[in-house]
Amino acid sequence: MPGPAPDERMRPSGRRNTQGIRIDPEAEATHEPRLAVLSARVKHEPGVLSEVSGLFSRRQFNIESLTVGPTKDDDIARMTIVIEEPEPGVQQAKKQLKKLIPVIEVEELESAAMRRELALIKVAGEKPDDVQAVAGMYGGDAVDASKDAVTVEVTGSKQKIDAAVEAFEQFEILEVVRTGAAALERGSKTMENGSKTMESDN
């Protein structure tokens, strides 16, 4: 039959696998992990935390922190979940959360959102005045003291807490407890008043 020779025929651009099937560049693309802060309103009932943490465990999402607490509505709790995932993983985490029955609403907070955590840092008590001085540098305060140990409370951003813990290492840190992040959007936007709606699953 007349026509171009095999090496003269037009071929679609792009890579192909060993079976000759074209590879979707987007599916093959490498996505760098990023930190995402997910805020979720959930029913305030037993087992919700277990259900959410179980979902993240099954899907093997990389959780940096997860906090939960009551809101102004006794029937609703607020979860703040910080994850580090490539972009497809972040989107998948949001979609899977929305499918859980106890979850009312989910949104990813903007990078400028307020993020705060609390740390209790227990150090050796030989130099209580020096410990208090360092605590003051980070807006913290001693909340417990004995002849053997001083416990300091510090609240702030993750970076501030990291710096405070590093500064207290000079006194021999005995124990550290951190809450993980609690976060809110800046300005008047809230989840409770419906000013922001859930993203589509499409």
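Modeller: A helix here is a DSSP run of H or I with at least four residues, a strand is a run of E with at least two, and both are numbered from the N terminus. By that rule the protein chain has five helices and nine strands. This is a predicted model, where local features need pLDDT of at least 70, side-chain atom pairs count only at pLDDT 80 or more, and totals for chains, interfaces and linings use all residues. Residues are numbered from 1 along each chain as its sequence is written, and side-chain values use heavy atoms, with hydrogens and water left out.

Colleague: What pattern does the protein chain follow along the sequence?

Modeller: The order is α-β-α-β-β-α-β-β-α-β-β-α-β-β.

Colleague: How do you know that the span of H2 agrees with its number of residues?

Modeller: The expected span is 1.5 Å times one less than the number of residues. H2 has 12 residues and should therefore span 16 Å; its end C-alpha atoms are 17 Å apart, which agrees. After H2 comes glutamine 60, with a positive phi near 60°.

Colleague: Which residues of H2 are called buried?

Modeller: Buried means under 20% relative accessible area, exposed over 50%, and partly exposed in between, using a 1.4 Å probe and protein chains only. In H2, Val48, Val52, Gly54, Leu55 and Phe56 are buried. Their cover includes E1, strand E2 (63-70), E3 and H3. Over the 202 residues of the protein chain, 34% count as buried.

Colleague: What makes a set of residues a nonpolar core?

Modeller: The members are buried Ala, Val, Leu, Ile, Met, Phe, Trp, Tyr and Cys residues, joined through side-chain atoms within 4.5 Å. The largest such core has 19 residues, and Val42, Val52, Phe56, Met79, Ile81, Ile83 and Leu97 touch the most other members. Strand E1 (34-43), helix H2 (48-59), strand E3 (76-85), helix H3 (87-99) and strand E4 (103-108) each supply at least two residues of this core. Apart from it lies another core of 16 residues, including Ile121, Val123, Val150 and Val165.

Colleague: What does phenylalanine 56 touch?

Modeller: Contact means heavy atoms within 4.5 Å. Leaving out residues up to four places away in sequence, phenylalanine 56 touches Phe61, Ile63, Ile81, Ile83, Ala93 and Leu97.

Colleague: Why are E6 and E7 said to pair?

Modeller: Two strands pair if DSSP finds at least two bridges between them. Four bridges join strand E6 (residues 141-145) to strand E7 (residues 149-156), so the two pair, and they run antiparallel. Aspartate 144 has threonine 151 in E7 as its bridge partner. E6 and E7 form a hairpin, with three residues between them.
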